[in-house]
Amino acid sequence: MKSSGFWGSLFSRHDTLSFVVLALILLVVLPLSLDIFRLSLMGKYMTYAFVALGLALCWGYGGVLSLGQGVFFGLGGYMLAMFLKLESSDPESTAIQTTPGIPDFMDWNQITELPWFWEPFYSFPFTLAAVLVVPTAFAYLIGVAMFKRRVSGVYFAIITQAIAAILTILIIGQQGYTGGVNGITDLRTLLGWNIRSDFARYVFYFVCVGLLLLCIVISQFVSRSKLGRILVAMRGAEDRVRFSGYDVANFKTFVFCLGAAFSAIGGAMFTLQVGFMSPSFIGIVPSIEMVIFCAVGGRLSIYGSVYGALLVSWARTAFSESFPELWLFAMGALFIAVVLAFPDGLAGLYNQYGRRHVERQLDKWLLTLKSSTRTASVKGVAHERQ
Amino acid sequence: MVTDTRTKRSGQPRRLLKRLMGVTAALAFSATVSAQDVNTTDLAVTDDTVTVGILHSITGTMAISETGSVQAEKLAIEQINAMGGVLGRKIEYIQEDGASDWPTFAEKSRKLLTQDKVAAVFGCWTSASRKAVLPVFEQYNGMLYYPTFYEGLEQSPNVIYTGQEATQQILAGIDWVVDAKDAETFYLLGSDYIWPRTSNKIARKHIDKLGLKVVGEEYYPLGHTQFNSVINKIKLRKPDVIFASVVGGSNVAFYKQLKAAGIDMTKEKPLVLTISVTEDEILGIGGENVEGAYASMKYFQSLPNENNQAFVKAFKERWGDDIVIGDVTQAAYLGPWLWKAAVEKAGSFDVDKVREASPGIELTTAPEGYVKIHKNHHLWSRTRIGEAQPDGQYKVVFETEELIEPDPFPEGYQ
């Protein structure tokens, strides 16, 4: 029954099945069944799955509800957008401006030279590092400031929400440096490579799938390790964990930073696939939407949260294309129904009804597989002896 | 997908008759020109229909502003269909919701262009949504008819701007308050984003050129509702004109607080000159709170010309008696008509040919009067000054004699 080795330490048998099924859907089924427009949309939804995954760890496992994950998603996206914007703002293509060579929105805001904090974003390696480091460091600061002071629960949620609001106002207010409410738009190339071609969209989709699967492996590692058990323990009885000698704040900070890093990767992939970044992803509403993705999928489940993000986003597009004037009501009804009927989301529903059946099938299937390999190997051995 | 181009309404035999006549005309025409001849670029054109897109926010914070544009575009399409359509083809539309969210606009515009292959899109309202869809339209070579008055500094081959760019709206307004009201000092006030900032920059340059004075300039975040401190400053500095480009819901707070602070706009000074309050906004602010303010725009519902009277009547018949029509709504109404004229001039739905045919297109039937497409893709238009009345309408008190040339990259104003 028990598999062993590194894989086995990360994945239970059922996790392996879930992982393989998800990978098959994302790598084989969807690319074969969708045209590039729909596939690219799926790639966009997947960027939300990064956030939902981070939330499943923070909120589902650690009990740390953050209503400001959009902050990290946005920061990651902005870091990459700054690089791409500089690349597409070379003096030739911006010759029409008063000051050629700076991003167009700076020119509109009467800024005549590139601000100092934009300078490093000419470097691609720096940008890649910044995509991960800046949001994570920011999360670390918040984490240390909050958790060390034992701010938790609903107070922490409110503070993260306030941070989301503050950052939105900051970005919109400093439009000369950030693009304001329009965001950073019209991104064309990445290292000279056209990011808007169909081929690029395929590439980004598969890169996105790869990164998502990597993040899932990391999440599996966290959830199956001792760390994950401490997180769950903290969620259940924080004081007991503290009295057992663990520094609760450090664990919370860690999981919060991890969630932030995942969100940042999602944000950067979003920028690449959509071709721009705007403050509409940082604010309170998108941050809460991301929590809803996670809740619908099942916050206690790594895979559930991913499916939640994909399904809800897909439903959003489908409803709004079919009923442009009523789709919000349909979405609202969906959320209410899910939360009322299955508090643990789709994953909870599956665990309650589907899982037993799947496990049984899996048992049967593994048994036949084993017996057939055994007969095969016995035959092989017998053959050698002759 | 909503492809139904009209809602069935009973009790209008005359319109029905017109429609029937249109359909027969369409059939007769389509027999002569086959779809391949008028569409070489694989657009959604059949022998008797052509599909266009409507892309506005009908949910979210912008829905209240954009609904008028949607209604105007649908009305124009229905009227064109009743007259026989475009090149003998009935216009069908696919409506998508931008949901007040810029990335959604980008997604939906990509869908309309690559999946639905629409021949043209009528849509967008905020500058942010236009900036979001612009790369998509340029990549897939689509055609966007954009209705809002905006900041300029843009001239895309894939967009026809049916609203005014900033200099058209502002210069005439300031000249008027200087000439007619002897204004000498100005206080510039706006919401904090690119349109008010660019507008005020243009206003300030123009005021400087006239040798007059700006005594204050301030910006507030979108949705801001506390204007007391700026109103105190205004009282202190006593400007002749408050030049306001506050947008959206903030207007309600601004005008109410202005009135509460004892600034009576029906008196001579300070007077308010706004470039952002149309009849639509007054619905929210309340006519009694904004009475006496002056607005500088190209269209008011109360314009007395015949075109406009017919337009207002048709609009009310279609969408209800208590509806009001603002500047942007009228500009949105022009979109389908301008497109139709360009398609017919080009004899083709191909975007490149429509673009080539567009400069010089005239519309003598526009509610605002005569308009003409400039080669920079903006419209020549007149600017009017309206004085807000307690009933929520504007009384037109001034109109420029000449059509004003659109100049999206005004020299000396950047």
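**Exercise 1.** Determine how the span of helix α3 (residues 63–82) of chain B compares with the expected span, and how covered the helix is.

*Solution.* Helix α3 of chain B has 20 residues and reaches 28 Å from its first C-alpha to its last, close to the 28 Å expected at 1.5 Å a residue, where the expected span is 1.5 Å times one less than the number of residues. Helices here are DSSP runs of H or I with at least four residues, and strands are runs of E with at least two, numbered from the N terminus. Next, 14 of the 20 residues of α3(B) are buried, and the helix is mostly covered; a buried residue has 20 or more other C-beta atoms within 10 Å of its own, with C-beta atoms placed from the backbone. Finally, B:Gly84, with a positive phi near 110°, follows α3(B).

This is a predicted model, in which local features need pLDDT of at least 70 and side-chain atom pairs count only at pLDDT 80 or more, while totals for chains, interfaces and linings use all residues. Residues are numbered from 1 along each chain as its sequence is written, and chains are lettered from A in the order in which they are written.

**Exercise 2.** Describe the side of chain B that touches chain A.

*Solution.* The contact takes 33 residues from chain B and 28 residues from chain A, two residues being in contact if their C-beta atoms, placed from the backbone, lie within 7 Å. The elements of chain B that give two or more residues to this side are β2 (90–97), α4 (102–115), α5 (127–139) and α7 (194–209). Of these, α4(B) gives the largest share, eight residues.

Definitions and conventions: A residue is buried if 20 or more other C-beta atoms lie within 10 Å of its own, exposed if 12 or fewer, and partly exposed in between; C-beta atoms are placed from the backbone.
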